[in-house]
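Hi there,

Here is the structure I promised to pass on. Have a look at it first, and then read my notes below.

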Amino acid sequence: MVASVGELADAWAGALHFAQPAGMGDAEVDAAGMSDAGLMESLRAGFAVKREVDALLARLAGQVVERSRVSLGQEGLAKRTGNASAAMLLAEIGRITVAEASRLCRVGAATATPVTLLGERLPVAFPAVAEALSAGRIPVDAAEAIMSNLEQARANANPEDLAFAEEALVEFATEN
């Protein structure tokens, strides 16, 4: 993620047409002074940072889901903080909608590595989605759409076809 933030800062600085140090001015003024190519490069770099931050937030949300699971009762993280669910906790902390928080929770939980009671790590349910999300190649909403559709197909498809479909959908999502 540090590299992406650095790329954003470099793109921003390179896009400015006037002698003002990058990050020292008003973003609106900076953007207005950018060339079209500089603006596009700054957007590309900014969205790369956003995908990486969203992937990190999904990972953290997955932990909040785990630590707020129903089996923990009142000892669960969400309950201890006065929230009814992990999504409500995220919505409060992040000042985001419950819908966005729920999406982060679903994606984070579904792409987390399951661990047995003995501490053994199990395979991730959606390995291609988890890898692409962590690498910042796909956004959270694309990860959720892929996983949701694969879950619907799971009852009628064999595992090899599902794995192939997952890879194809991730590839499609990275191209668009």
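This is a predicted model: local features need pLDDT of at least 70, side-chain atom pairs count only at pLDDT 80 or more; totals for chains, interfaces and linings use all residues.

Residues are numbered from 1 along each chain as its sequence is written, and side-chain values use heavy atoms, with hydrogens and water left out.

Let me begin with α8 (residues 140-154) and α9 (residues 159-175), which pack at an angle of about 155° with their axes 10 Å apart. (Helices are DSSP runs of H or I with at least four residues, numbered from the N terminus; axes are lines fitted to C-alpha atoms over the stretch in contact, and angles run from 0 to 180 degrees between N-to-C directions.) That angle makes α8 roughly antiparallel to α9, a label for angles over 145 degrees. On the α8 side, the contact (heavy atoms within 4.5 Å) is made by Ala 142, Ile 146, Leu 150, Ala 153 and Arg 154. Among the α9 partners are Leu 162, Leu 169 and Ala 173. By class, this contact of α8 with α9 has 9 nonpolar, no polar and 2 charged residues. (Ala, Val, Leu, Ile, Met, Phe, Trp, Tyr, Cys and Pro count as nonpolar, Asp, Glu, Lys and Arg as charged, and the others, Gly among them, as polar.)

α9 also meets α7: their axes come within 8 Å and cross at roughly 25°. That makes α7 roughly parallel to α9, the term for angles under 35 degrees. Pro 127, Ala 128, Val 129 and Ala 132 of α7 touch Glu 166, Glu 167 and Val 170 of α9.

Now to the core. The largest nonpolar core has 28 residues, of which Leu 90, Val 107, Val 129, Leu 133 and Ile 138 touch the most other members. (Such a core is a set of buried Ala, Val, Leu, Ile, Met, Phe, Trp, Tyr and Cys residues joined through side-chain atoms within 4.5 Å; buried means under 20% relative accessible area, with a 1.4 Å probe and protein chains only.) α8 gives the most to this core, with 6 residues. Leaving aside neighbours within four places in sequence, Leu 90 is in contact with residues including Ala 61, Val 64 and Leu 104.

Finally, Pro 123 lies in the loop between α6 and α7. At 68% relative accessibility, Pro 123 counts as exposed, the word for over 50%.

Best wishes

Definitions and conventions: Helices (H or I, at least four residues) and strands (E, at least two) are DSSP runs, numbered from the N terminus. Angles under 35 degrees count as roughly parallel, over 145 as roughly antiparallel, 65 to 115 as roughly perpendicular and the rest as oblique.
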